[in-house]
Amino acid sequence: MAAGAWRKGLICLRLCFLPLPCRALSTSSRVLAGSRWRLRHGLPRSGNEYGPLTDLPDWSYADGRPGVLSTGQIRRRQERKELAQRLMELIGEVDFAVANHERRLKAVDDKRENIIRQKLKRKGGEAAETNTMTKDIS
């Protein structure tokens, strides 16, 4: 009896791995086909990721007040708020880095100019000519 049950189980396992002629079982390639097109055209991967049907309340009161948001809508709003805060932090860091880089470049230029100003000047030449001109005028 146990051997017969084992054989039945083995036959069942073999049948489970046989390819079935049903077309409805293999839908993965069909499901992904539209997402590539949507991504190429700048649209969301699926039609329900964002947009008015996803973001706006599902209903409203008769007097025009908006209805209660669903938990998914509240979660998406919170995620977007956190994303906006993170973006503002990163933009601030980039602005600080750019200003710091410009400040360092200016400090290097100022240091170079200061070194040039403090170098020893040649005697005679232009300096001597300006001195003789001032003596002639007075």
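**From fold to side chains**

Read from the N terminus, the elements of the protein follow the order α-α-α-α-α, which amounts to five helices and zero strands, where helices (H or I, at least four residues) and strands (E, at least two) are DSSP runs numbered from the N terminus. The model is a predicted one, in which local features need pLDDT of at least 70 and side-chain atom pairs count only at pLDDT 80 or more, while totals for chains, interfaces and linings use all residues. Residues are numbered from 1 along each chain as its sequence is written, and side-chain values use heavy atoms, with hydrogens and water left out.

Of the 138 residues in the protein, 7% are buried, where buried means under 20% relative accessible area, exposed means over 50%, and partly exposed lies in between (1.4 Å probe, protein chains only). The protein exposes about 13200 Å², and carbon and sulfur atoms supply 62% of this area; accessible areas come from the Shrake-Rupley method with a 1.4 Å probe, and for residues only the protein chains shown count as cover. Among contacts between residues at least 6 apart in sequence, 11% join residues at least 24 apart, a contact being heavy atoms within 4.5 Å.

The aromatic side chains come next. A pair of aromatic rings is described by the distance of the centres and the angle of the planes. Rings of Phe, Tyr and Trp (its six-membered ring) pair if their centres lie within 6.5 Å, with planes under 30 degrees apart counted as stacked, over 60 as edge-to-face and the rest as tilted. By this rule the protein has one aromatic pair. Trp59 and Tyr61 have ring centres 5.0 Å apart and planes at 80 degrees, so the pair is edge-to-face. Trp59, at 41% relative accessibility, counts as partly exposed, and Tyr61, at 34%, also counts as partly exposed.

Arg65 is partly exposed at 47% relative accessibility, whereas Asp63, at 57%, counts as exposed.

How many salt bridges does a search of the whole structure find? The search finds five, including two that can be followed in helix α4, which spans residues 71-118. The side chains of Arg86 and Glu89 meet at 3.5 Å, N to O, and because these residues are three apart in helix α4, they are separated by about one helical turn. Arg86 is partly exposed at 44% relative accessibility, as is Glu89 at 47%. Arg112 forms a salt bridge with Asp109, with the closest N and O atoms 3.6 Å apart, and these two residues are likewise three apart in helix α4, about one turn of the helix.

Helix α4 also holds Leu90, which is partly exposed at 33% relative accessibility. Together with Leu83, Leu87, Met88 and Ile91, Leu90 makes a nonpolar surface patch of about 470 Å². Patches are made of residues with over 30% relative accessible area and no salt bridge, like charges being joined within 9 Å and nonpolar side chains (Val, Leu, Ile, Met, Phe, Trp, Tyr) within 5 Å.

Technical notes
Salt bridge = Lys/Arg side-chain N within 4 Å of Asp/Glu carboxyl O.
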